[in-house]
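Reader: I would like to go through this model with you, one question at a time.

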Amino acid sequence: MKVETITEKGSTIAVVTSEQAVITDERSALDLMMSVKYETGAEKIVLNKEALAEDFFILSTGLAGKILQKFVSYHLAFAVYGDFTRYTSKPLRDFIYESNNGRDVFFAATREEAVRRMTNSR
């Protein structure tokens, strides 16, 4: 896992990149959030899709809701970037659409887009 800190328009954003899932459950999400916040001071986190367990994208597992609730509860904005086109679930597509119209959670195709969304968020 690699953590890079970017400062744009007065916002500190932690960009976390991993080739394997580092968030697999609520506990690992909380561990990552606190580690990143402590090490970087960032209150905005951008994460590549591969760093999330595949169960995150199966809404019926409840994992996405539990993890995103942790981010919101700890006042951390969160963006995930990657290729989501292989997911055909209408509920997941609706979830991504609704998230992208909110203020705290975003899904983006590229790292650059995710960072831009975080820069312009709350």
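Author: A contact, as used here, means heavy atoms within 4.5 Å. This is a predicted model, in which local features need pLDDT of at least 70 and side-chain atom pairs count only at pLDDT 80 or more, while totals for chains, interfaces and linings use all residues. Residues are numbered from 1 along each chain as its sequence is written, and side-chain values use heavy atoms, with hydrogens and water left out.

Reader: In what order do the elements of the protein chain run from the N terminus on?

Author: Helices (H or I, at least four residues) and strands (E, at least two) are DSSP runs, numbered from the N terminus. The protein chain has four helices and five strands. From the N terminus on, these elements run β-β-α-β-α-β-α-β-α.

Reader: In what order do the five strands form the open sheet?

Author: Two strands pair if DSSP finds at least two bridges between them. In this open sheet of five strands the pairing is mixed, and the order is 1-2-3-4-5. The edge strands, each of which pairs on one side only, are strand 1 (2–8) and strand 5 (105–108).

Reader: Which residue of strand 3 is the bridge partner of A14?

Author: Strand 2 (residues 11–17) and strand 3 run parallel and are joined by four bridges. Between them the chain passes through helix 1 (residues 26–40) in a right-handed β-α-β crossover, where right-handed means that, with the strands pointing away from the viewer, the path from the first strand over the helix to the second runs clockwise. The bridge partner of A14 in strand 3 is I45.

Reader: Which residue of strand 4 is the bridge partner of K44?

Author: Strand 3 also pairs with strand 4 (residues 77–81), in the parallel sense and over five bridges. The chain crosses from strand 3 to strand 4 through helix 2 (residues 63–73), and this β-α-β crossover is right-handed. In strand 4, the partner of K44 is A77.

Reader: Why is strand 3 largely enclosed by the rest of the structure?

Author: Buried means under 20% relative accessible area, exposed over 50%, and partly exposed in between, with a 1.4 Å probe and protein chains only. Strand 3 (residues 44–48) is largely enclosed because its buried residues number five of the five.

Reader: Which residues does S11 touch, not counting those up to four places away in sequence?

Author: S11 lies in strand 2 and is buried, with a relative accessible area of 11%. The side chains of S11 and K44 are joined by a polar contact of 3.1 Å, a polar contact being a pair of N or O atoms within 3.5 Å, of which, within protein, one must be able to donate a hydrogen and the other to accept it, and residues adjacent in sequence count only if both atoms are side-chain atoms. With residues up to four places away in sequence not counted, S11 touches I6, K44 and T119.

Reader: The backbone nitrogen of which residue does the side chain of S89 reach?

Author: S89 is found in the loop between strand 4 and helix 3 (90–100), and at 32% relative accessibility S89 counts as partly exposed. The C-alpha atoms of S89 and L59 are separated by 9.0 Å, with the two residues 30 apart along the chain. At 3.2 Å, the side chain of S89 reaches the backbone nitrogen of L92.
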